[in-house]
Amino acid sequence: MVSLTLKGAASRPATAVPRSGRATPYLFLAPYLLLFVVFVLAPAIFGIWISLHDWDYLLEARPFVGLDNYTALLDPASAVYADFWMSMRATGIFTLFSVPFLVVLPLGLALLLHRPFRGRTFFRGLFFAPYVLGVAVVSLMWRLLLDPNLGLVDWLLGTDIGWTTSLPWAWVALVGVTVWWTIGFNGVIYLAGMQDIPRDLYDAAKVDGAGKWAEFRHVTLPGLRPVALFVVTTTILASANMFGQSYLLTQGAPGGETRTAIYYILDQGLSQYKMGSAAAMSYVLTLALILVSVINFRLFRRRS
Amino acid sequence: MSLESLTRRRALGLGLGLGATVLAGCGGGGGPKQAAQQSSGPATAAPTSYTGPTVSLAFWNGFTGGDGPFMKRLVEQFNSAHPNIKITMNVYQWSDYYAKVPAAVSAGRGPDLGIMHVDSVATNAARQVVLPLDDVATSLSLTEADFSPPVWQAGVYKGARYSIPLDVHPLGMFYNRTVLSKAGLDPDNPPKTGEEYLAALEALKKAGVQGHWATPFPFTGSMQFGSLLHQYGGRLFADDAGVSRFAEEPGVQALTWLVELVNKGYSPKNVGQDADFIALQNGKAAFNWNGIWSINTLREHKDLEWGVAPLPQIGTEPAAWAGSHQFVIFKQRRPDQNKLTAAKVFINWISGHSIEWAKAGQVPARKTIRESAEFKELKEQAAIGSQIDHLYFLPPVAGIGDASAVVDQAVNAAILLKKSPKDALTEAAAKADKVLEQNRKKYGA
């Protein structure tokens, strides 16, 4: 390292104090890299190893089974096939319906909260407030409010909809509760993004005779692109990892149809101690998410 | 059967080696590990007293509800009565507990003793989290006759005992006396048979009350299904858990009976989690088949008039679901004979004082206490406890919970009217059989 620094110094005018060598960026990265390797990369690779075995960390026998855990996921006669794909479908449905709402609604909210008006700070706090609650609090509260026979929501609407027990209403409830819970988070990100768009762009647009809509389309939206990419990506990943809401609000009802992939994987791995199978499922889910993320990045790049 | 033969059979038959033999004081040598650990001293020390140096034991359980303070008080009493044993109790949510304990044990930081539900004992025995306790039973001179056969047998896995029963917590029929009176029914004489029960539901319906809310969720929908299935003479699984049997005729009858409650308007559709129990309390339902642990919750409602009775006999024989809390001793990296002896003293003492535990809303497993005048004074507990000879438990097979979770989904789909009882059960049986086969391969048949 020392020699690297000296070499770097030598190639510069003698008066300049050497500030960095070739190793410097890596040294700055090192603390995070170490954590990343120990807590993310190594377990991820170890997970591949686990997925090739019948793995239970407490049993001495952990036979190597090759790709059996993966082929079981593709074999309709296996014990896991039906449940696994039903859970993947549940995750897909939830992601498909929650992401648009969680991307568009917070944007509208942020636009409103960006305008100057009395009590703006109060409303900013108000919409963000649910996000500070834990998933257990949110789900338990809504489970009672949405109870099909005793809940306040049905009583107010004068209906007897099975919000937590029947389809498609359980999806409406899960998506609705999630939107209510996390809208503030995405809203705050958008808001921060809007505050970063230079005012003079708006002034220039006005000079060019742009109306409100044109300002939004040609100044606000392009200005938010990097923020939107972040919001879309994290929202997709968060939705695809949904677990707590369906675990507490519906308990997978009816008949396991709202049991998400993470929920099922957790059950396989930590309740049934079939960690090899659970690891294989995780990799299939990861692969699907990588695919979605790649498409997402491509779309955003094409637009710019 | 002598202790020796039990120990040897276990060691040879299971290859369990490690845990199985830590306690074995007088075994005949069943492998190098056993031989190595035998030097730790005889395990047949006097069980009711401990005279060694002061030891402290970690005691973990999941008594997070109203039962926690009762156990805590018992532990405090024990500590003050035994100056050289200090028990520290840690309480976790049961679901966390079952994930934490095996991890802690495998890291060598496990607690000394704890409580497990009876249907988790076999799995944890197979995974070598808990130690065999045959010698505890022997040295405490506990036998089947001290308990009831199904409760006592439920702690035996592959010929070895792994747990000592503390209590049983059966399902009972809770009822709202005010609601029954309003419908012209006698609250002092709740229904005992299927016919009486349906007649009561019909009367309630006429009075505008949906009497029995059929919940599709495991708590307690699956328990009601299991109780009815056994009442119709069925079994959830074959005794050796080789195959599932819940899709046979008794199972279909049982689930159909529950679904009919919805179809006939005795229950609303789409009953949510816990809604059945809430409905009992706010007078929207008359009956709720729930666990004995509900007693203390209902007592908190000062203005609620309620009672509890054994489940009505709907099928051909009486039967009720029950769980059971059982004492287990966890495997340690370095077995400490003093701690083991102290743990035995503790188990024996708590078991002997389980009348206090009964007040937390439990039926003591120990027969002498169950039959004591003091227990009979606990009217509600005693009413539910009268079902003791008709309780069923899952076969003590490793991973049985994985297969019974499949039943939960079938019950859920049928009561929510998504599938017919027969279809739901038949599909679930095919899946459960595959799970059982997987588990046989994993844990060894």
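Modeller: Two residues are in contact if their C-beta atoms, placed from the backbone, lie within 7 Å. The model is a predicted one: local features need pLDDT of at least 70, side-chain atom pairs count only at pLDDT 80 or more, and totals for chains, interfaces and linings use all residues. Residues are numbered from 1 along each chain as its sequence is written, and chains are lettered from A and ligands numbered from 1 in the order in which they are written.

Colleague: Which residues does Leu425(B) touch?

Modeller: Leaving aside residues up to four places away in sequence, Leu425(B) touches Phe246(B), Ala247(B), Gly251(B), Val252(B), Leu255(B) and Ala410(B).

Colleague: How should I read a nonpolar core, and which residues of the largest nonpolar core touch the most other members?

Modeller: A residue is buried if 20 or more other C-beta atoms lie within 10 Å of its own, exposed if 12 or fewer, and partly exposed in between, with C-beta atoms placed from the backbone. A nonpolar core is a set of buried Ala, Val, Leu, Ile, Met, Phe, Trp, Tyr and Cys residues joined through C-beta atoms within 7 Å. The largest nonpolar core has 169 residues, and those touching the most other members include Leu255(B), Leu258(B) and Leu425(B). Helices (H or I, at least four residues) and strands (E, at least two) are DSSP runs, numbered from the N terminus. Helix 20 of chain B contributes the most to this core, nine residues. A second, separate core of 19 residues includes Leu109(A), Leu113(A), Val227(A) and Ile236(A).

Colleague: How is the length of a helix judged, for instance that of helix 12 of chain B?

Modeller: The expected span is 1.5 Å times one less than the number of residues. Helix 12 of chain B (residues 249-263) has 15 residues and reaches 20 Å from its first C-alpha to its last, close to the 21 Å expected. Its buried residues include Trp257(B), Leu258(B) and Leu261(B). The buried residues of helix 12 pack against helix 11 (218-231), helix 20 and helix 21 of chain B. Just after helix 12, Gly265(B) takes a positive phi of about 80°.

Colleague: Where do the domains of chain B lie?

Modeller: Domain bounds come from an automatic or database domain assignment. Domain 1 of chain B covers 41-164 + 324-391, and domain 2 covers 169-321 + 399-443. Their centres, taken over C-alpha atoms, are separated by 29 Å. The contact takes 20 residues from domain 1 and 18 residues from domain 2.

Colleague: How many residues form the contact between the two chains?

Modeller: In this contact, 30 residues of chain B meet 23 residues of chain A. On the side of chain B that touches chain A, helix 21 of chain B gives the largest share, five residues.

Colleague: What does UniProt record for chain A?

Modeller: UniProt positions are given in the numbering used here, feature names are shortened, and annotations may be inferred rather than shown by experiment. The unreviewed UniProt entry places "transmembrane region" at spans of chain A including 93-113 and 166-192. Residues 93-113 of chain A are 100% helix and 0% strand, with end C-alpha atoms 30 Å apart. Residues 166-192 of chain A are 89% helix and 0% strand, with end C-alpha atoms 39 Å apart.

Colleague: Is Pro168(A) buried or exposed?

Modeller: Pro168(A) is exposed, because 9 other C-beta atoms lie within 10 Å. Pro168(A) sits in the loop between helix 7 (152-157) and helix 8 (169-195) of chain A.
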